[in-house]
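Colleague: Hi! Could you walk me through this model, starting with how the two chains meet?
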Amino acid sequence: MTAQSPAAAQAPATLLHVEGLACHFGGVLAVQDATFDVRRGTITGLIGPNGAGKSTVINLISGAARPTRGSVHFDGAEILGQRPHEVARHGIVRTFQQANVFGGLTVLENLLVGATPWRGEQIGAALGRKRGWSGRETELEAGAWDVLRRFGLEAIANDYARALSGGQRRLVELMRALMARPKLLLLDEPMAGVSPSLALSIADRLMELRDAGMTMLMVEHELRLVERLCDPVVVMARGTVLAEGSMAQLQSNQEVVDAYLGGGGGY
Amino acid sequence: MSSGLIYYLSGLAILLGINLIAIWGLDLQFGLAGINNFAYVVFQAAGGYAAALFALKPAKAYGSFETYLGGFNLPFPLPLLGAALVGGLLAVPIGLIAMRRLRADYQAMAMLVLSLIATGLAQAQTGLVNGPTGLALIPQPLAGLLHVSPLGYNWIFLGLTAACCVIAWWVARGISRSPYGRLLRAVRDSESAVAALGRNPDALRMTVLIAGGALAGLSGGLLVEYVTAWGPASWLYPETFLFFTALIVGGKGNLAGGALGALLVPIGIIEVTRHLPAFGYPGLIDSLDWVVIGAFLLVFLWFRPNGLLPERKRVLRPGGAEPAGTGLRAVLAGRRAGSS
């Protein structure tokens, strides 16, 4: 999942290119003319004050919201305006602002649903012989146990997801996304509502994934974590991109300081 | 035991089987996929009507005392297969109208409205299903070939119903235990998360609407071929809630729960009230059926929303599946473990 193939090493550095993205909700301008890139193998941060349009950008990229105009090129293909399941099939998997798990499924089943779509999930396979899908199912189960072990969460494998704490749900959502072996992981406030220790644990996992070559675009308000994890960072305000760079560069950008970081750069 | 009682009990067993097929079909749609199909009885009625049209001769053969479309006089088992096919195909327009672009609660309202429209249409268009009078003289399967007593034919029909139950069980069990069934349960919990993982929730819901609709159609076909009549007044929207009540009482997402619900609600309650001594004004006992069914539904929704036999947890261990058991065993195991 995480090792870079020779083909990936030769691929263009930019995995996602967002150009002139705009979205209106009735008369409300949520995003206007947003332009930025996400380079392969980075965690690109997306920060800004409430109402800046960060989550709307995630929703537009993932197909959950309808754009007014603009373009989103992903790995050589225009994906803007496609439906969420079509976007996901390009290799873009997202997490949600509110942890969005399948409460009536166990943690392990949540992970199994995360695997890339396969023939055994079709109704024809369900009405055929179990032998037709059980082999692949066993492989997926082994993969899911492997992910659970890496996160140290084997103990909750057979718990219903609805019985988990908010932090555990975040982890389940992240593990489920990893089962899909995404090319790009969209993280919408992955630390929101999570205890400080668990947030650090999630941050460690994200760094491991980045070091192994995974690309992520992350909306986050906790700026210490953004500084630790993300480079570059895109700052949004009032629906548009204000600046882009490392956190050190942004702290010396007066416009960014005025709009979001606040006086003195202490967060 | 008198032959009259045996005849009655065999008829009851046939009705139980027919209800079982219908309830398992609804369980696929509502129990697994979370579709509030308040038009479910329309699928059953359409299957029944299709079976009638496929089995009946053209209206002229009966002196045109009733009017209907077609009359194909097809041999067994084609009317039943046609019933299942029509029930399944009906899911496509209903699904396109009621499920696209609508949230789950509005889907339920749209389904209910479709059910009311279907009833109104059937009763108003006399050329379609002979109006409110409905259809009669529907031939029973193999009735012309078998020269047996009414009780003997009941046993044969019970065998046919049991065979259809086995088919329905095989379909429902195959779906509920498969990765496809797991996806349906995921759609029930979060459509947006399923879509974000690369699956089309609309397509998933449509496929299970077709599968459940086919089972509803089959049950309708069996019922019509057993009672040899079809009338729009027998397929009104409260019948849908009878099936929902059976599923909620027995336990949705669990085939054994559906079977228990079929036994307790459409058979148990109706038969118990049927044998109450007459009291009050005429029709009071029939009305009490619905009072008891409604009270049952409310009590279970308040105090035991997962039913008597809840959906079982799929427990897996490293290195292979290890199910916790089914039905009652799973409930008892869950209690012992103190788990949900």
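Modeller: Two residues are in contact if their C-beta atoms, placed from the backbone, lie within 7 Å. By that rule, the contact takes 37 residues from chain A and 31 residues from chain B. Keep in mind that this is a predicted model: local features need pLDDT of at least 70, side-chain atom pairs count only at pLDDT 80 or more, and totals for chains, interfaces and linings use all residues. As for labels, residues are numbered from 1 along each chain as its sequence is written, while chains are lettered from A and ligands numbered from 1 in the order in which they are written.

Colleague: Which elements give two or more residues to the side of chain A that touches chain B?
Modeller: They are helix H3 (84–89), S6, helix H4 (107–114), helix H5 (123–127) and helix H6 (131–150) of chain A. Helices (H or I, at least four residues) and strands (E, at least two) are DSSP runs, numbered from the N terminus. The residues on that side divide into 19 nonpolar, 12 polar and 6 charged. Here Ala, Val, Leu, Ile, Met, Phe, Trp, Tyr, Cys and Pro count as nonpolar, Asp, Glu, Lys and Arg as charged, and the others, Gly among them, as polar.

Colleague: What scores does the predictor give the complex?
Modeller: An ipTM of 0.91 and a pTM of 0.90. There is also pLDDT, the predictor's confidence in each residue, from 0 to 100. Chain A averages 91, with 94% of the residues scoring at least 70. Chain B averages 89, and 94% of its residues score at least 70.

Colleague: Where does pLDDT stay under 50 in chain B?
Modeller: Over residues 324–340, for which the model has 22 contacts beyond four places in sequence. Where pLDDT is low, the predicted coordinates should not be read in detail. In chain A, helix H1 (residues 6–10) has the lowest mean pLDDT among the elements (54), and H4(A) has the highest (98).

Colleague: Back to S6 in chain A. What is the strand order of its sheet?
Modeller: S6-S7-S8-S3-S9-S10, an open sheet of 6 strands with mixed pairing. S6 (92–94) and S10 (240–245) stand at the edges, each with a single partner strand, so one side of each is left without a neighbour in the sheet. The twist averages 20 degrees from one strand to the next. For angles like this, axes are lines fitted to C-alpha atoms, for helices over the stretch in contact, and angles run from 0 to 180 degrees between N-to-C directions.

Colleague: How many bridges join S6(A) to S7(A)?
Modeller: 3 bridges, and the two strands run parallel. Arg94(A) has Leu186(A) in S7(A) as its bridge partner. Two strands pair if DSSP finds at least two bridges between them.

Colleague: And what about the sheet of 4 strands in chain A?
Modeller: That one is open too, in the order S2-S1-S4-S5, with antiparallel pairing. Strand S2 (28–39) and strand S5 (77–78) are its edge strands, each pairing on one side only. S4(A) and S5(A) are joined by 2 bridges, and Phe74(A) stands opposite Ala77(A) in S5(A). Helix H2 (residues 54–62) of chain A lies across S1, S2 and S4, running at about 70 degrees to S2(A).

Colleague: Switching to chain B: how is it divided into domains?
Modeller: Into domain 1 (1–235) and domain 2 (237–340); such bounds come from an automatic or database domain assignment. Their centres, taken over C-alpha atoms, are separated by 20 Å. The contact takes 24 residues from domain 1 and 18 residues from domain 2 of chain B. H1(B) gives the largest share of the domain 1 side, 13 residues.

Colleague: At what angle do H1(B) and H10(B) cross?
Modeller: At roughly 75 degrees, and their axes come within 10 Å. H1(B) and H10(B) are therefore roughly perpendicular to each other (angles under 35 degrees count as roughly parallel, over 145 as roughly antiparallel, 65 to 115 as roughly perpendicular and the rest as oblique). The residues of this contact divide into 8 nonpolar, 1 polar and 1 charged.

Colleague: Last one: where is the cis peptide bond in chain B?
Modeller: Between Phe76(B) and Pro77(B), with omega about 5 degrees. Pro77(B) sits in the loop between H2 and helix H3 (78–98) of chain B. Chain A has a cis bond from Asp231(A) to Pro232(A), with omega near 10 degrees.
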